[in-house]
Amino acid sequence: MADEISISKAPLVYPETEAFWAGTEEGKLLLKVCRDCDEVHFYPRPLCPHCFSEKTEWIESAGRGLIYTFTQTDRAPVFRFPAMVALDEGPILMTAIVDCEPTEIEIGKRVTLAFAPTEGKQQLAVFRIA
Ligand SMILES: [Zn+2]
């Protein structure tokens, strides 16, 4: 669990994201894969954004990727380094880099999954420098 941050509000859970948030309670980052075109996508949604198929299934991310882009917000209430991480599975997600110094963070650097608590049972997927 990330230790540098304060608590985020609990997420709003909709039917199409219920399994995703339940996964975070168990420390799993779930993605969706399409069984028609084999593309992996995030955020979770009922139809594949690549081919509009309904044949999508949940898979667990290995939790590894690289920093696609980031910013530093020293006045942010929760995360100092909001970032986009490109997962090895393909999707790029909005997240944050935690437990790092400004001199450590750079685009292209490898990161691994961690989780940050919320006010609810769900956790937020964040990343640490690998
Ligand atoms: Zn598809």
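1. Thr73 sits in the loop that connects strand 4 (64–70) to strand 5 (81–87); helices (H or I, at least four residues) and strands (E, at least two) are DSSP runs, numbered from the N terminus. With a relative accessible area of 26%, Thr73 is partly exposed (buried is under 20%, exposed over 50%, partly exposed in between; 1.4 Å probe, protein chains only). Leaving out residues up to four places away in sequence, Thr73 touches Phe79, Arg80 and Pro82, contact being heavy atoms within 4.5 Å.

2. On the basis of the model: residues are numbered from 1 along each chain as its sequence is written, and side-chain values use heavy atoms, without hydrogens or water. The model is predicted, with pLDDT of at least 70 needed for local features and 80 or more for side-chain atom pairs, while totals for chains, interfaces and linings use all residues.

3. Overall layout. The chain contains one helix and eight strands, in the order α-β-β-β-β-β-β-β-β from the N terminus. Its radius of gyration is 15 Å, close to the 14 Å of the globule rule for 130 residues, so the chain is as compact as a globular protein of that length (C-alpha atoms; the rule is 2.2 Å times the number of residues to the power 0.38). Along the principal axes, the C-alpha atoms fill a box of roughly 45 × 30 × 20 Å. Buried residues make up 40% of the 130 in the chain. Of the contacts between residues at least 6 apart in sequence, 53% join residues at least 24 apart.

4. The zinc site. Four SG atoms, from Cys34, Cys37, Cys48 and Cys51, coordinate the zinc ion at 2.3 Å (donors are N, O and S atoms within 2.8 Å of the metal, or 3.2 Å for Na, K and Ca; water is not among the atoms, so sites may look incomplete). The donor residues follow the spacing C-x2-C-x10-C-x2-C in sequence. Angles among the four donor atoms run from 104 to 117°, and the site is tetrahedral (all angles between 85 and 135 degrees). For four tetrahedral donors the ideal angle is 109.5 degrees. Cys48 counts as buried because its relative accessibility is 0%. Cys51, at 34%, counts as partly exposed.

5. Helix 1. This helix spans residues 18–25, and its buried residues are Phe20, Trp21, Gly23 and Thr24. They cover an arc of only 150° around the axis, so they lie on the same side of helix 1 (the arc is taken from the directions from the helix axis to the C-beta atoms). Their cover includes strand 1 (30–34), strand 3 (56–60), strand 7 (110–117) and strand 8 (123–129). Gly27, which follows the helix, has a positive phi near 75°.

6. Thr24. Within helix 1, Thr24 has a relative accessibility of 1% and therefore counts as buried. Its contacts, apart from neighbours within four places in sequence, are Phe115, Gln122 and Gln123.

7. The nonpolar core. How many residues does the largest nonpolar core have? There are 28, and those with the most contacts inside the core are Leu29, Phe79, Leu87, Ile97, Val111, Val126 and Phe127 (buried Ala, Val, Leu, Ile, Met, Phe, Trp, Tyr and Cys joined through side-chain atoms within 4.5 Å). Two or more residues each come from helix 1, strand 1, strand 5, strand 6 (92–97), strand 7 and strand 8. Strand 8 contributes the most, with five residues. Leu87 touches Leu29, Leu31, Ser61, Arg64, Gly65, Leu93 and Phe127, again not counting residues up to four places away in sequence.

8. Backbone points to check. Most residues other than glycine have a negative phi, and most peptide bonds are trans. The bond from Phe42 to Tyr43 is cis, with omega near 15°; Tyr43 lies in the loop between strand 2 (40–41) and strand 3. Phe52, also placed in the loop between strand 2 and strand 3, is not a glycine but has a positive phi near 65°. Phe52 is exposed because its relative accessible area is 59%. Asp99 has a positive phi of about 55°, although not a glycine, and is found in the loop between strand 6 and strand 7. At 27% relative accessibility, Asp99 counts as partly exposed.

Definitions and conventions. Four donors count as tetrahedral if all angles lie between 85 and 135 degrees; four count as square planar and six as octahedral if opposite donors are over 155 degrees apart and all others between 65 and 115; anything else is irregular.
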